[in-house]
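Let's take a walk through this one, from the whole chain down to the packing inside. Keep the viewer open as you read.

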Amino acid sequence: MSQDARPLSGTVDVSIPSVARMYDYYLGGKDNYAVDRAACEELDKVVPSTRILAVNNRRFLRRVVRWLAEEQGVRQFIDHGSGLPTQDNVHEVAQRVAPDARVVYIDNDPIVLAHGRALLEENRNTAVIQADMRDTDGILGHPEVERLIDFEQPVAALFVSVLHCIPDEDDPAGLVRRVAERLVPGSFLVVCQLVSEDQATRDFVTEFMRVNTQGQWGRVRTAAELASFLDGLEILEPGLVEVSTWKPDADIGPRQLTQEWIEYGGVARKG
């Protein structure tokens, strides 16, 4: 599969861990189930830094959206694989800077759709759609995307902690490239994913998540592999880094006590 969407479900399956709900649990949210918490506890036995990694990733998302809105004047955001709403979501950060900022959230998890629509019921500048993020044509042609996003103006496309959910056979690099091709020069792509330079860690987490999510997972990759996704784009300072070190501010996040894997990424601009 490349651009074709996989069948989407409108029901919440509480027998299978969900990546979105596991992330919610790590962030201290309440929209998760026993199966999600059990999977997190098993994962922590091998990669104990995961909760701190999730917190630092969320802080990175807040910083990067604020920077794009304040310093780069971005007023349009498409958040691929947005996950469950939590504190300081993309639209909240962007609209604090510019109330006219427009945001589209994309996720294939029905619980994300339900919670997101409830949150955004009275926000006309923001929408959440249930879609497979690999379906670029379907997403960019969706009525809500067409209503909110002007593709003749710069857009920030976000792929924050989601590319590791896409297996190699579905070509995550191709996904980033397809989206970049549809954006005008001066647009931005924000990417980060779980990486490890330790083969044993990559193999364990990849297999653990693949089995527990019944195939809703891709692969933990290396830093070099993620960098290759941005070939042809201008990677902006400070480059691709462990995300807690990307333009840190006074809101310094917790330090990982172990470095068996990290969230690694940054911002690229289309020239």
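Of the 271 residues in the protein chain, 55% are buried, meaning under 20% relative accessible area with a 1.4 Å probe, counting protein chains only. Bear in mind that this is a predicted model, where local features need pLDDT of at least 70, side-chain atom pairs count only at pLDDT 80 or more, and totals for chains, interfaces and linings use all residues. Residues are numbered from 1 along each chain as its sequence is written, and side-chain values use heavy atoms, with hydrogens and water left out.

On overall shape, a compact globule with 271 residues would have a radius of gyration near 18 Å, so the 17 Å of the protein chain agrees. That radius is taken over C-alpha atoms, and the globule rule is 2.2 Å times the number of residues to the power 0.38. The C-alpha atoms fill a box of roughly 45 × 40 × 40 Å along the principal axes.

Now for the inside. The largest nonpolar core has 36 residues, and F159 and L163 touch the most other members. Such a core is a set of buried Ala, Val, Leu, Ile, Met, Phe, Trp, Tyr and Cys residues joined through side-chain atoms within 4.5 Å. Helix α8 (residues 172–182) gives the most to this core, with 5 residues; a helix here is a DSSP run of H or I, at least four residues, numbered from the N terminus. Apart from this core lies another, of 30 residues, including L61, A69, L113 and V160.

How values were computed
Buried means under 20% relative accessible area, exposed over 50%, partly exposed in between (1.4 Å probe, protein chains only). Helices (H or I, at least four residues) and strands (E, at least two) are DSSP runs, numbered from the N terminus.
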